[in-house]
Amino acid sequence: MITKIAHRGKLSQGQITRLGGLIAFVCGRTPYDHILQDLYDNSFLKNENYQPKLTPKGQEELNRLTAMAGLRPEHYADN
């Protein structure tokens with residue numbers, strides 16, 4: 001499936017997948033296992049007291065990808 005974001009060349013399919021995983025995480029949902037593993041492998045998430053937590057690197061990646069996609073934080077998060 002080609003999304004409008006990918007069609008315009010702003011984000012690759014991998015970036016769209018990663019962005020979806022990060023947004024799902026900050027919205028309180030658990031991303032699919034392979035996406036979750038990518039987030040851990042790239043140090044965007046870490047376990048803190050047996051709970052996943054977004055790292056500063058993860059927050060930077062979320063900000064970078066949302067800016068590239070033309071989204072603002074109020075589009076996907078309450079705070």
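## Starting at Thr-55

Leaving aside neighbours within four places in sequence, Thr-55 is in contact with Ser-43, Phe-44, Leu-45 and Lys-46, where contact means heavy atoms within 4.5 Å. Thr-55 sits in the loop between β2 and α4. With a relative accessible area of 10%, Thr-55 is buried. Here buried stands for under 20% relative accessible area, exposed for over 50%, and partly exposed for anything in between, with a 1.4 Å probe and protein chains only.

A word on the model itself: it is predicted, so local features need pLDDT of at least 70 and side-chain atom pairs count only at pLDDT 80 or more, while totals for chains, interfaces and linings use all residues. Residues are numbered from 1 along each chain as its sequence is written, and side-chain values use heavy atoms, with hydrogens and water left out.

## The overall layout

The protein chain holds 4 helices and 2 strands. Read from the N terminus on, its elements follow the order α-α-α-β-β-α. Helices (H or I, at least four residues) and strands (E, at least two) are DSSP runs, numbered from the N terminus.

Of the 79 residues in the protein chain, 29% are buried. The accessible surface of the protein chain is about 5,700 Å², and carbon and sulfur atoms account for 51% of it; such areas come from the Shrake-Rupley method with a 1.4 Å probe, and for residues only the protein chains shown count as cover. Taking contacts in the protein chain between residues at least 6 apart in sequence, 43% join residues at least 24 apart.

## The nonpolar core

Which residues have the most contacts inside the largest nonpolar core? They are Leu-11, Leu-19, Leu-22 and Leu-45, in a core of 14 residues. Three helices, α2 (13-26), α3 (33-41) and α4 (56-69), each supply at least two residues of this core. The helix that gives the most to this core is α2, with 5 residues. A nonpolar core is a set of buried Ala, Val, Leu, Ile, Met, Phe, Trp, Tyr and Cys residues joined through side-chain atoms within 4.5 Å.

## Helix α2

The buried residues of α2 are Ile-16, Leu-19, Gly-21, Leu-22, Ile-23, Ala-24 and Phe-25. Just after α2, Gly-28 takes a positive phi of about 90°.

Strands β1 (residues 45-48) and β2 (residues 51-54) run antiparallel and are joined by 4 bridges. Two strands pair if DSSP finds at least two bridges between them. Leu-45 stands opposite Leu-54 in β2, and the bridge partner of Glu-48 in β2 is Gln-51.

Asn-49 lies in the loop between β1 and β2, and its phi is near 55°, a positive value in a residue other than glycine. Tyr-50 also has its place in the loop between β1 and β2, with a positive phi near 65°. Most residues other than glycine have a negative phi.

## Helix α4

The buried residues of α4 are Gly-58, Glu-61, Leu-62, Leu-65, Thr-66 and Ala-69. They lie on the same side of α4 because they cover an arc of only 125° around the axis, where the arc is that of the directions from the helix axis to the C-beta atoms. An α-helix has 3.6 residues a turn, so residues three or four places apart point the same way. On the other side of α4, Pro-56, Glu-60 and Ala-67 are exposed.

Thr-66, found in helix α4, counts as buried at 3% relative accessibility. How far apart in space are Thr-66 and Ile-16? They are 9.6 Å apart, C-alpha to C-alpha, although 50 residues separate them in sequence. Just after α4, Gly-70 takes a positive phi of about 80°.
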